[in-house]
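Colleague: I'd like to go through this one slowly and ask where the labels come from. Could you show it to me?

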Amino acid sequence: MCFIVLVVVTLLALVLLRARGREDWLRRAQLVFEETGGGH
Amino acid sequence: MATNTDQPGTAGIRTELREGAVGLPGVLMQGIATIAPSFAILASFVFIVGFAGIVTPWAYLFGGALLALQALSAAQLAKQFPSAGGWYTWIARTLHPRAGFFAGVFFSVWLPPVGALTLSLLGKTVLEPAIKDEYGVTIPWWIWVVAGLALVIWWSYAGIVVSERLLIITGTIEIVIMVALAITALASPGPGGFSLAPLNPGNFHLASNLFLGIVFSIFAFSGWESTGPLAEESRNPRRNVPIGLVGSVLILMAYFVFVTWGYLVGFGTDNVGKINFDIPFPVTTVAQRVWGGAWVLLLFALLNSAIAVSIACFNGGTRTWYGMGRSGVLPSALGKVVPSRRTPDNAIHLQVAVNVVAFVLVLIFGAEDTFFTWANMITLGLITMYLLANVAVARYYLTEARSQFNPLLHVVVPAIASAAGLVVVWQSYFSPF
């Protein structure tokens, strides 16, 4: 039951982000850490 | 935060966390401590023995082998995409950002409240009654929660170097004590004497249901996933994080096989059928018999375990939120780092708040109900996350990274791992066994 609630809330959050036009994160979420070599 | 996404093909971000601060031992201990070697025995041993009986070590061996395949699958993403976002970033990058968001949410519900929930369960069900029985002194359970969390929070703000060093110390102490107990138990066996019967596959027929023992042993291994978010603070993350993911499962597999063999022999191989929830925790019984008054070292190991898992979950949870805040899907304040200590303090503040909420829930609903309701929920969340990652591995290596495609690693392993995950869900929630 708690899991289903969690999934529904997550879906609602995604819908809300889309409705507000906050979509820039879709690109930024795919960025990975660029290793600089420092400390290696 | 500097980005250079305008350069084709690089898609990189520089980190503000303390880059290169954690070596391979720290990365491995992040996974091992989150599995919680002694706490996992406390939570799973009696349950698994109920199904697997004398061949309980085999249940852990097979369960670990299946999880090792899942870890190997996840490692295929970890070696390509080092990021504090961990699973969130891996799945967002290779499957879809919205699928990654689900993984980020599951991580956000899983790791952050571990400290309050674990310390509450340990304090309420083990420490308070055991210390009262042994010394006649009542130390209220909530004192362990408040004191333990205070230390963990302090170390978390102190920075990754301090917290990983303490993680290695506390994690090592618990493993040494638990292994020492198993060795002593083998040297001083219970009824039935020293025996290799728990390791003999010829005894599989003596288990009431070895398959279910394997299914439920998989729960004992949860925690290895938390290695991912340390990528930006670990040395050579493309090498060390994958090793941490797979290595923590393999090390714990060997640990579980050895210590459960020792505890069964110490309890008495003739008495294995008597192990159930109606008797005191059998590992405590073994410790009291072979160590006398020094059995309280077992309590110390469990307390260390709870502290270690709390440290590891503070690190894993806050770094995932840092990654999500940096990408803008959570408030950008979570992606801020304090320059002096290079810690994501806003994410740590939030994690402290989550632990306060978890503690309030424990006070309202009780430690056991709150812990097991949460554990039930995150088990489904983690398996969903595994499935998403497995699909992502196959998709990524069949398309973008086609030149590196290996059918065994990128199709067969994820498929077997996914099938194992689905069987666990079926047997745990739907099958009327």
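Colleague: What makes you say how H9(B) and H15(B) lie to each other?

Modeller: Helix H9(B), residues 210–220, packs against helix H15(B), residues 407–430, at an angle of about 105 degrees, and their axes are 10 Å apart. Angles under 35 degrees count as roughly parallel, over 145 as roughly antiparallel, 65 to 115 as roughly perpendicular and the rest as oblique. This pair is therefore roughly perpendicular. An axis here is a line fitted to C-alpha atoms, for a helix over the stretch in contact, and the angle, from 0 to 180 degrees, is taken between N-to-C directions. Helices (H or I, at least four residues) and strands (E, at least two) are DSSP runs, numbered from the N terminus.

Colleague: And which residues make that contact?

Modeller: Leu212(B), Val215(B) and Ile218(B) from H9(B), with Val423(B), Val424(B), Gln427(B) and Ser428(B) from H15(B). Being in contact means that the C-beta atoms, placed from the backbone, lie within 7 Å. The set splits into five nonpolar, two polar and no charged residues. For those classes, Ala, Val, Leu, Ile, Met, Phe, Trp, Tyr, Cys and Pro count as nonpolar, Asp, Glu, Lys and Arg as charged, and the others, Gly among them, as polar.

Colleague: Before we go on, where do the model and the numbering come from?

Modeller: It's a predicted model, where local features need pLDDT of at least 70 and side-chain atom pairs count only at pLDDT 80 or more, while totals for chains, interfaces and linings use all residues. Residues are numbered from 1 along each chain as its sequence is written, and chains are lettered from A and ligands numbered from 1 in the order in which they are written.

Colleague: H15(B) also meets H3(B), so what is that pair called, and why?

Modeller: The axes of H3(B), residues 56–78, and H15(B) come within 9 Å and cross at roughly 135 degrees. H3(B) passes H15(B) in a left-handed crossing, the name used if the near helix is turned anticlockwise from the far one by less than a right angle; clockwise makes it right-handed. Among the residues that meet are Leu66(B) and Gln70(B) in H3(B) and Val413(B) and Ala417(B) in H15(B). By class, this contact has nine nonpolar, four polar and no charged residues.

Colleague: How do H1(B) and H10(B) cross, and at what angle?

Modeller: The axes of H1(B), residues 24–35, and H10(B), residues 237–267, come within 8 Å and cross at roughly 45 degrees. Those two helices are therefore oblique as well, and H1(B) passes H10(B) in a right-handed crossing.

Colleague: What about Arg342(B)?

Modeller: Arg342(B) has a positive phi too, of about 55 degrees, and isn't a glycine. Arg342(B) sits in the loop between H12 and H13 of chain B. With 17 other C-beta atoms within 10 Å, Arg342(B) is therefore partly exposed.

Colleague: What makes Tyr396(B) buried?

Modeller: Tyr396(B), in helix H14(B), has 22 other C-beta atoms within 10 Å, so the label is buried. The C-alpha atoms of Tyr396(B) and Ile91(B) are 9.9 Å apart, though 305 residues separate them along the chain.

Colleague: Last one: what does chain A consist of, and how many of its residues touch chain B?

Modeller: Chain A has two helices and one strand, in the order α-α-β from the N terminus. Of its 40 residues, 18% count as buried. 20 residues of chain A are in contact with 37 residues of chain B. On the chain A side, H1(A) gives the largest share, five residues.

How values were computed
Two residues are in contact if their C-beta atoms, placed from the backbone, lie within 7 Å. A residue is buried if 20 or more other C-beta atoms lie within 10 Å of its own, exposed if 12 or fewer, and partly exposed in between; C-beta atoms are placed from the backbone.
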